[in-house]
Amino acid sequence: MLIAFYIVAALAVASAFNILILRSPVYCALSLVGCFFLLGIIFILLNNEFVAVVQVLIYAGAIMVLFLFVIMLLNLRPDSSPRSLKFGIAKILGIGLTVGILAQLIGVFGSSAAKLGPMGEYSAQRVTEEGSLEIVAELMLTEYVLPFEIISILLMVSIMGAVVLAKKRPPPEEEESQP
Amino acid sequence: MIPVSHILGLSAILFAIGVGGVMIRRNAIVVFMCVELMLNAVNVAFVGFAYGMQSMVGVMFVFFVLVVAAAEAVVGLAIMLAIFRSRESLDLEEFNLLRW
């Protein structure tokens, strides 16, 4: 299981790294879909089928399809500027900041993983017996019912916002002619 | 049992790749995909902690992060459609209306 984790993790990092390199937005999106699938496999290895299924359904299935729709709707061409080896100051700053954040994260995670808090009540055996979906469903409708309602409002507001933002505005003279 | 520190390491690497993409790439949609990747890296950390601490709180947070990611994708892509209508481009270098 540990070996499977390392293999899948390496593949996921590789396919995420593709996004930095590939020029065409469509290839980037497909590579990201692959990354999301591999992360779904990792969630299964971490004993959590609910998150794995949701990952594949919503991230790979819904969000990335939306991205692909927009890319194809806008008919984006791949970046045609010549690939320059010359690093501008912005690029150097960006790479430096990235490496800094990576070092910081690994430092913090390395020191925090050693001292995890007290164990919770959901052992791996219990999760396997009861099923992660049942446990999540029960928690969501008891302990977390208020955030659950709030995110449903958030989703509705974002739908309306998207419609308002993406709607084509009529030309101004038409608006004026209407009483 | 997979050690929690290795899961967190994977999460950190994915997050750093996302940050790098936001810094380096010039296409607005690709930058947006990198933001999604960063949200996903956080999800990996949440599930890793839930796995290591035998708790379900992390899994609940993954669900909420997911909904926020979906809402963000919808609104962000709508903004991009609106920008593309007026500018005919999604190159971040050309968005200079709010620049000094």
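In the predicted model, B:Ile24 touches A:Lys91 and A:Ile95, when residues up to four places away in sequence are left aside. B:Ile24 belongs to helix α1 of chain B. The relative accessible area of B:Ile24 is 25%, so the residue is classed as partly exposed, the class that lies between the limits of 20% and 50%. Between B:Ile24 and B:Ala78 there are 54 residues in sequence and 23 Å in space, taken from C-alpha to C-alpha.

The contact between the two chains involves 68 residues of chain B and 81 residues of chain A. On the side of chain B, the greatest losses of area to chain A fall on B:Met33, B:Gln54 and B:Met56, which together make up 11% of what that side buries. The area buried between chain B and chain A amounts to about 6500 Å², and carbon and sulfur atoms carry 83% of it. Salt bridges between chain B and chain A number zero, whereas five residue pairs are in polar contact across this interface, with both residues of each pair at pLDDT 80 or more.

Three helices of chain B, namely α1 (4–24), α2 (28–53) and α3 (57–87), each provide at least two residues of the side that touches chain A. The greatest contribution to that side comes from α3(B), with 22 residues. Sorted by class, the side of chain B facing chain A consists of 52 nonpolar, twelve polar and four charged residues.

B:Gln54, one of the residues of chain B that lose the most area to chain A, is located in the loop between α2 and α3 of chain B. The phi angle of B:Gln54 is positive, at about 50 degrees, although the residue is not a glycine. Most residues other than glycine have a negative phi. With a relative accessible area of 27%, B:Gln54 is partly exposed.

Chain A is split into two domains, domain 1 covering 1–77 and domain 2 covering 123–169. Their C-alpha centres are separated by 21 Å. Four residues of domain 1 of chain A and six residues of domain 2 of chain A take part in the contact between these domains. The two domains of chain A bury about 390 Å² between them, of which 59% is on carbon and sulfur atoms. In domain 1 of chain A, the residues that lose the most area to domain 2 are A:Asn47, A:Glu49 and A:Phe50, and together these account for 93% of what that side buries. The side of domain 1 that touches domain 2 in chain A comprises one nonpolar, two polar and one charged residues.

A:Asn47, among the residues of domain 1 that lose the most area to domain 2, sits in the loop between α2 (25–45) and α3 (49–74) of chain A. Phi of A:Asn47 is positive, near 75 degrees, in a residue other than glycine. A:Asn47 is partly exposed because its relative accessible area is 22%, a value that falls outside the buried class, for which the limit is under 20%.

Notes: Residues numbered from 1 in each chain as written. Chains lettered and ligands numbered in written order. Predicted model: local features only at pLDDT ≥ 70, side-chain atom pairs only at ≥ 80, totals over all residues. Heavy atoms only, no water. Contact = heavy atoms within 4.5 Å. Buried area = accessible area lost by both parts, 1.4 Å probe. Salt bridge = Lys/Arg side-chain N within 4 Å of Asp/Glu carboxyl O. Polar contact = N/O pair within 3.5 Å; in protein donor to acceptor, adjacent residues only side chain to side chain. Helix = DSSP H or I, 4+ residues; strand = E, 2+ residues; numbered from the N terminus. Nonpolar A, V, L, I, M, F, W, Y, C, P; charged D, E, K, R; others polar. Domains from an automatic or database assignment. Buried < 20%, exposed > 50% of the residue type's maximum accessible area, 1.4 Å probe, protein only.
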